[in-house]
Structures are given as structure tokens and as C-alpha cells.
Amino acid sequence: MNGNGTDRTDGNPETVIVGAGLVGAVTALYLAPRYGPVTLLEKRADPRREPGGQGRSLVVMLSARGWRALSDLGLADDVRRICVPLHARCGHLPDGRTRMTPYGRDGQPIWAVERRRLHHMLLDAAEATPGVRIRFGQRVRSVDLDEPAVLVEDRHGTHRLTCRRILGCDGAHSAARAALEARGARAEVRTLDLAYQEIDVPAGRLDPTITHFWPTGKAMFAAHPLPSGKLSGSLFMRLDGPAPSYAAARGGQDLPEMFTALFPELTGIIPDIAEQLAAKAVSTLTAVRCDRWVWRDTFALLGDSCHAMAPFMGHGMNCGFEDARVLVDCLDAAADGAAGLAAYEKSRTEDADAISLLSYRHYFTMANPPREQTAEEVLRGRLTALFPDRFVPLYERCAFTEESYASILRDDQRLDRLVADLLARHGTELVSAPDDRLRACTPSPISTTATLEDPGCS
Ligand SMILES: Cc1cc2nc3c(=O)[nH]c(=O)nc-3n(C[C@H](O)[C@H](O)[C@H](O)COP(=O)(O)OP(=O)(O)OC[C@H]3O[C@@H](n4cnc5c(N)ncnc54)[C@H](O)[C@@H]3O)c2cc1C
């Protein structure tokens, strides 16, 4: 090692992955057996050696796409053992009522897992895989797309590592992405207007088999069960603007008062809430959109580095795991590396845009207490109930299938158009019409474009 930035021979790997987060580890596991030695470079210290995991208890939800990757990698059974299956979410409404919504109509669960434990398990699996090497305390400063090579800084200085391919899995504030931007890619990195604090919820007061959330319209508290029976909570509130917001909390001074006013029920459930609000960091949420993800046959982005999204659909990680699977599938199927990476980019960008949009939209569904439904919403609900195979709810398709997110979004937009068209043709009385009439009015097969043929119902 030398500190003057010259080359250092490092048993040059076939692939360098920048970032050993969840997506970096899964990508290494997919790649090494088929595409040769992989070195993961991680700027942080090994999280498995940190006592107490920095006090973080963030829970992430695993859905079908995540499970597909874990099954491919032979890890599904081990991961399932540290998960809690959740069949429904319970909204605790401001008027004291509760409203239970199953995640899937057939009782399918989604699976809650502590992000920290999942991460440790993936790092263990990656390290145990022949050809994978993880190096902690290695910050990638820049990426040379042409050679290709990375400039790495560690406690000894900087060195250059050459390889055949570089994969950027270094999260929303990706240094790897900058290399692509320098070649004309356009990236949007937005801090969302919402921030959050992780709050521990003690066991014993809430059902530990379902998700809980408290919508107030102005802020939301969500709590996900942990295997211990405790729950991992998150307070989501606006970053700026008038109260309630983090900005209006005067450096946290007014947070307990705000919290009590918003969530009176929770102050009894979390006795040390004031201490937690004072001690826990406020984290921001970042959204990333990037119009290019690859460079020739040398470089690709995966995970949050190219599609960080709001967390409310629970798909950032699942989508990142799917990136890794699709990337190796595309490389396997293509005649050469450049064609494989191009196919990967083509197949993923539209899907990432779609799930990012849906994720942000879902916050408003969850955060607002239910109000009287519009005619459009009632009609959508009735069509979904009447034609369960044709109109599968959007959340269910995202969570329990591996269908393209973009096609799910398109179908949802078509359903919107169908509803608008039915109301325009038949008036709002169709909303309360008997099932037979509604069935007869609904075109079949569902051609839900604006040019619907009227099936001639009476
Ligand atoms: C509140 C919240 C709830 C969420 N819930 C869910 C959920 O339920 N389901 C779901 O699927 N997703 C969820 N997500 C999203 C999920 O956590 C992310 O999508 C996922 O962690 C992204 O993984 P990643 O590996 O791409 O990025 P990261 O987790 O950000 O990992 C990037 C890694 O790269 C390292 N790194 C960064 N820069 C460099 C550098 N220059 N050199 C070397 N290393 C570097 C970092 O230290 C880090 O280890 C949630 C997110 C939040 C904030």
C-alpha cells in the first residue's frame, strides 16, 4: 500500500462491488459462482463487530421478489427463522376505532425482518462463498469506467484497484453513480419532505402478529413486530413547515408535546417516549432516479444507488434483490457483457420508476385516516370484488408476485380509466347497482382503454 495514489496489485478480482449493504451482498452471492472472483469494498467497519448494532432496530418487509433471490441463493430457510410473518395491518384511527386490512386476499403474509440481522446473515453467506472477498474500511473515491478501476481510500492512504467490471451498490449517495453522471447520465437525488425516527415499542400492549399504524394526516407512526414480541416503531413527520414537523419542534424540544397531541394512545404504550424522541436520530429519506444504469460492458448500478425510494410500499430492498437476479439472468442470456448490461438496464429502469412512484403515493394512503370514499373508489372496490381474477389489488400484485412493477402500474391506470368511463356512461347510480348489472356493464375481456366498447348493459 502506498499513500500516493499509484497502483497496488491486489490479486485483481473479476468484479468489484462498491458497497457491502444488502444489495451488494446479494449481488456478490449471485455473481461469484458464475462470473468469477468478486471483491466487495465497504467504506464502513464490519457491522457484525459493532456492539448493539448502533441501537438501530429498523425492520424491513420481505415480499415475493426478495424471497425469490433468497431461495435462489439457498438462504430462504435460514432467513425465515428470523422473520415474523404478518398477515394484516391494523390502522388505529384518531377516533379510537381500528381498521384491519389483510395484506393479501388469500391470507398470504409478508415477512418482517430486522435489517441488521438480515445484513449480518448475508455478509456471513457472502464470506462463506468461494470467490467472494469483503474488505471493510475501504471507501471508493472514484470509478474509472474505461480501464475499469476504482480509486480506494483506506487508513493507509489511497490505491487503485483494476478489474473487469464494477457494480455500484453504494446506496442513495453513490460515489459510483458520479462516474456515469460524468458521461452524461442524468440523476435526480431528492430529500423527501418526510423524515423519521426509529422508536422502540415494548412488548405486551400491541398484537405482535400484525403491523400497526396510526394515521393522523399530519404524521404517521408505524410499528412492526420483532421476533422478541417487541415492536420496531417509526415516527414519520414532515421535515419542514408548520407544526407538526421536525423543523417546528425547536431542535426536538417540543417533540414530546407534539407526539402526545398526535398519538395520545401511544404515550401510554411507550412509557419512555420523551427520552427516545430526545435521543434518537432524525433520519431523512432520499429518492433517487437515474436515466442510465450501465456503461458498456464495464459498469452497472443496482439497488438504492439508482432507485432509492420512499419506504411505504416496502420494496426498496426487494427491488434491489430483483436487480441482482435480473442482472445475472441478462448476462447469462446475452452474447457478450455489453449486451447483457444493456438488457439489464432496459428491463429495470421502467420498473424502478413505477415502484418509486407507487411507494411515494402509498404514504398518503397510509398516513391519512380513511374518509368517505369517492364514487370512483367504491366502484373500483366493487369491480375488484366482482372480478377477483381480473382486478388483483395493486399492493397484492407488488408484494406477492414477481410481475413487472411497470405493468402493474399500467393496469392500475387502466382500471382508473375503466372506472371513469363506466361512470361517464352510466352515471353514479352504477356505484350502487346490483352485481348483475355491474357485471353486464363491464367489458369483457377487460379492454380498459378510453375507447371501450359498450357491452350494452341495461
Ligand atoms: C424507514 C425505512 C424502511 C424501509 N423498509 C423497507 C421494506 O420494508 N422493504 C424493502 O424492501 N425495503 C425497505 N427499505 C429500503 C431498504 O432499506 C433499501 O432499499 C436497501 O437497504 C438498499 O440497499 P442497498 O444495498 O442498495 O443500499 P444501502 O443499504 O444504502 O447500502 C449501501 C452500502 O454502500 C456503502 N457505501 C456507500 N458509499 C460507499 C463508498 N464510496 N465506498 C464504499 N462503500 C460505500 C454503505 O456504507 C452501505 O453499506 C426501507 C428503508 C427505510 C429508510
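The legends below describe close-up views of one predicted model. Residues are numbered from 1 along each chain as its sequence is written, and side-chain values use heavy atoms, with hydrogens and water left out. Because the model is predicted, local features need pLDDT of at least 70 and side-chain atom pairs count only at pLDDT 80 or more, while totals for chains, interfaces and linings use all residues.

**View 1. Salt bridge between D46 and R49****.** The closest N and O atoms of D46 and R49 are 3.5 Å apart. A salt bridge is a side-chain nitrogen of Lys or Arg within 4 Å of a carboxyl oxygen of Asp or Glu. D46 is buried at 10% relative accessibility, whereas R49 is exposed at 63%. Buried means under 20% relative accessible area, exposed over 50%, and partly exposed in between (1.4 Å probe, protein chains only). D46 and R49 belong to a network of salt bridges that also includes R48, D124 and E127. The whole structure holds 42 salt bridges.

View 2. D78 is partly exposed, at 35% relative accessible area, and R81 is exposed, at 61%. Helices (H or I, at least four residues) and strands (E, at least two) are DSSP runs, numbered from the N terminus. E396 is buried, at 7% relative accessibility, and R105 is partly exposed, at 39%.

**View 3. Cysteines C290 and C306****.** A search of the whole structure finds zero disulfides (a disulfide being a pair of cysteine sulfur atoms within 2.5 Å). For C290, the nearest cysteine sulfur is that of C306, 7.1 Å away. C290 is buried at 4% relative accessibility, and C306 is buried at 2%.

**View 4. Aromatic pair F221 and F259****.** The search of the whole structure gives 13 aromatic pairs. In this one the ring centres are 5.8 Å apart and the planes are at 90°, so the pair is edge-to-face. Rings of Phe, Tyr and Trp (its six-membered ring) pair if their centres lie within 6.5 Å; planes under 30 degrees apart count as stacked, over 60 as edge-to-face and the rest as tilted. F221 is in strand β15 (residues 219-225) and F259 in helix α6 (residues 255-262), 38 residues apart. Both phenylalanines are buried. Elsewhere, Y196, F236, F312, Y360, Y363 and F364 form one aromatic cluster.

**View 5. Arginine over aromatic rings, and helix α2****.** The charged end of R65 sits over the ring of Y405, 3.8 Å from the ring centre. The charged end of R80 sits over the ring of W67, 4.1 Å from the centre of that ring. A charge sits over a ring if NZ of Lys or CZ of Arg is within 6 Å of the ring centre and within 35 degrees of the ring normal. R65 and W67 are among the buried residues of helix α2 (residues 64-72), as are G66, A69 and L70. Just after α2, G74 has a positive phi of about 75°.

**View 6. Surroundings of the ligand****.** The ligand is surrounded by 30 residues, of which E42, M61, R115, D304 and M317 are the closest. An N or O atom in the side chain of E42 is 2.6 Å from a ligand oxygen atom. A backbone N or O atom of L22 lies 3.4 Å from an oxygen atom of the ligand, and a polar side-chain atom of R44 lies 3.5 Å from one.

View 7. Most residues other than glycine have a negative phi, and most peptide bonds are trans.

Notes. Near = heavy atom within 4 Å. Polar contact = N/O pair within 3.5 Å; in protein donor to acceptor, adjacent residues only side chain to side chain.
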